[in-house]
Each structure stands twice: as structure tokens, then as C-alpha cells.
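Trainee: I'm new to this one, so could you walk me through it? I'll ask as we go along.
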Amino acid sequence: NSDGVWSNKIKTIKITIIPPVWERWWFRILGILLLVFMIFLFIKLREKNLKQQKEVLEKTVIERTIQIEKEREIVEEHKERLEIIHNSLSSSIDYAEKIQSAILPDEKLLVDNLSDHFILYKPRDVVSGDFYWWAVVDDLIVITVADCTGHGVPGALMSMLGLTFLREIVTKENITQPDLVLNRLRKEVIHALKQKGTLLEPKDGMDMSLITINKKTNKLQYAGAFNPIYIIRDNELIEIKANKMPVAIYMKMNDFSLHEMQLQANDSLYLFSDGYYDQFGGKNQRKFMAREFKTLLKNCQDKSMPQQKEFLNNTLNEWMGTINQIDDIVVLGLKI
């Protein structure tokens, strides 16, 4: 420089800045296309997976349906078999009930000899383990009410056994004295059931009350196995108690006791099993109890025997309410 002043030449350099790849348009388009492809691929894989799941589910449903159908067929077969068995058992039990009813004594015999009476007979099942029986031998009428071990079919079998033995003892052998009848009946029961008195042996047998009334003299003879009898005279209840042993093998095998009593006109006699006063019911669902049963009998003395039966039956039904009957019931009333 002529002026002695240094000057600098400024060289201008043009720099072009290249944007990153991810900011370029073609990369963005490619990314969008890749995203669309991934979404498409995901949808396809999802559809394929759902299709496979559907196929598996359909296969499972078909297999389960086939299995259910087979099980239904098996259930139907079992149901048909059970219905056949049930119908067979029902027919057998109904026929057993007819046989038991046929074996029970004809009420006409009691009507002809003791006109004012009633029989309240309520089996828990179709057939009963409780039974009643009577027979006339010369001037004597023999009457019994018995409660066999069990109820239903087992009890009914025991009752038929007892009825058969009583016919043999009373009507064929003419044994009418109540204690002798019970002693003999016990021997027959022990022999028939092959009872030995072993510890694990079933203690099948009968509780019963048995009376003999002389129709001419009105003399009463009684013997009982656990079951007493009640006599109501002038609104006072007389209880004649039974021996505390059944008509079966037992830990004590004494002879049954004989009780004798002169009956009077208008006396009411009651023979019964424990089914009535052992029945649960009432507000507290407790047993009716023997004490209330005695009071009930005393309170219906102004009624005829058929009316007493209706009264006892209605009282029992009201007492039971919705509770099922738990035992066989029989109550037999006689008016002298």
C-alpha cells in the first residue's frame, strides 16, 4: 500500500450446511412407509394369531361339546337305570305296603267286640315298623301295639315277623296271658334273628304293650316291654308301667310282669308307640313329650273315640308344622 496502510483481503467462503439424514424428506417418507408396513404387519400377525386362537377355541368347543354330549348320554343312561331301579323299588315297597296292610287285623273284629275305639296309624314311610294287632279267643280279646327297631323296610320286616309269631302264639297255641305271650314271643324273635348277645350284634327287637280283656267280666291283664298303657277313669290318668326290657335279647332277661285290673264302664284305655310324643315341633322345635301327651288325652275325654282320633291327629299336624315326621306313630284308644 502506498499509504503505508496495511489492508487485508477478506476472502469470503460460502459454507453449505447439509442437514442430518433423519431430517431429509426421503428419510421421513421412508420412515412413514416403514411405520405403515410395521402396522400392517402387526395387524396381519394379530389377525393370524386371532385366527389361530379362534381355530383352537372352536376345536376346544367342538371337543368339549362332544365330551358334554357323551357325558349327557352317560347321565341319561344312568338316569334311565335309576328310574328303572326307583320304579322297581317303589313297586316293591308299594306291594310290601299292601302285604303289610293285609297282615294287619281287620277292624271289623274290633268293632264287633269293642265298638267305641280309634286307631291313629301314621307310618313315617310307606311301610311301618309300628304295628297293631288283635285277636279274639273265646271270651278274651287280645290287643297289642308294638314298635319295632327301625322304620321303613327294615322296620316293616320286623313287624311282619312279630305279627306272624303273635298269630301262632295266640290264635293257634291259645296263649292269651300277656306276660306269657311276651316271654314266648321273645324266644321266637331271638331264635329267628339268631341273636347271641355279642357286643357288635344288632339289637333288633320290639317294644310293645299287650292287653287281654275278658269281654264278660271286663277284667284287664297287661304286660309291656318298655311301652306302658294309660287308663283314664273319672278324668284321672292311671299309668301301668312296662318292664324295662324289649322283646329281644337284652342284658337282663327276666320274665315279663303280669298286671291285672278290673275295668269299669266308661274307662278309656290307650296303647301307643313312642312316635307321637317323641315328635319334634312347636316354636322351639322340641319333642312333644309324654307329659303333654297325657294332658292331651285327659283333655279330650268329652269326645267320642273317632273325635279323639281327629283331635290327636290335628294336634300332631299343628305341632309338626313344616318339620318332617321322624318316626312311625300308632295310638290305639278303647272305651269300655
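Mentor: Let us start with isoleucine 99, which is partly exposed, with a relative accessible area of 34%. Its place in the chain is in helix 1, and please keep in mind throughout that this is a predicted model.

Trainee: How far apart in space are isoleucine 99 and valine 127?
Mentor: From C-alpha to C-alpha they are 9.7 Å apart, and in sequence 28 residues separate isoleucine 99 from valine 127.

Trainee: What does methionine 261 touch, then?
Mentor: Leaving aside residues up to four places away in sequence, methionine 261 touches Asn218, Lys219, Leu220, Ile231, Arg233, Ile238 and Ile240. As for tyrosine 222, its C-alpha is 8.5 Å from that of methionine 261, although the two are 39 residues apart in sequence.

Trainee: And where is proline 154?
Mentor: Proline 154 lies in helix 3, which spans residues 152-172, and it is exposed, with a relative accessible area of 53%.

Trainee: New topic: which residues of helix 5 are buried?
Mentor: In helix 5, which runs over residues 290-299, the buried residues are Phe293, Leu296 and Leu297. They cover an arc of only 95 degrees around the axis, and therefore they lie on the same side of helix 5.

Trainee: What covers those buried residues of helix 5?
Mentor: The cover includes strand 6 (229-233), strand 9 (268-272), helix 6 (305-320) and strand 12 (329-335). On the face of helix 5 turned away from the buried side, you will find the exposed residues Arg291 and Asn299.

Trainee: I was also looking at the backbone angles; what is phi of aspartate 234?
Mentor: Phi there is near 55 degrees, which is a positive value in a residue other than glycine. In general, most residues other than glycine have a negative phi. Aspartate 234 is found in the loop between strand 6 and strand 7 (236-240), and at 70% relative accessibility it counts as exposed.

Trainee: And what about phi of asparagine 266?
Mentor: Asparagine 266 also has a positive phi, in this case near 75 degrees. This asparagine lies in the loop between strand 8 and strand 9, where it is exposed, with a relative accessible area of 58%.

Trainee: Last one: how many residues line the largest pocket?
Mentor: The lining consists of 13 residues, and those that lie nearest the centre of the pocket are Phe226, Pro228, Glu239, Lys244 and Tyr277. By kind, the lining divides into six nonpolar residues, one polar residue and six charged residues, and the space in this largest pocket is about 250 Å³.

Note on methods
Residues numbered from 1 in each chain as written. Predicted model: local features only at pLDDT ≥ 70, side-chain atom pairs only at ≥ 80, totals over all residues. Heavy atoms only, no water. 1 Å grid on protein atoms, 1.4 Å probe; cavity = no way out; pocket = protein on both sides within 12 Å on 5 of 7 lines; lining within 4 Å. Points joined across faces, edges and corners; volume = space filled by probe spheres on them. Nonpolar A, V, L, I, M, F, W, Y, C, P; charged D, E, K, R; others polar. Buried < 20%, exposed > 50% of the residue type's maximum accessible area, 1.4 Å probe, protein only. Helix = DSSP H or I, 4+ residues; strand = E, 2+ residues; numbered from the N terminus. Arc of directions from axis to C-beta. Contact = heavy atoms within 4.5 Å.
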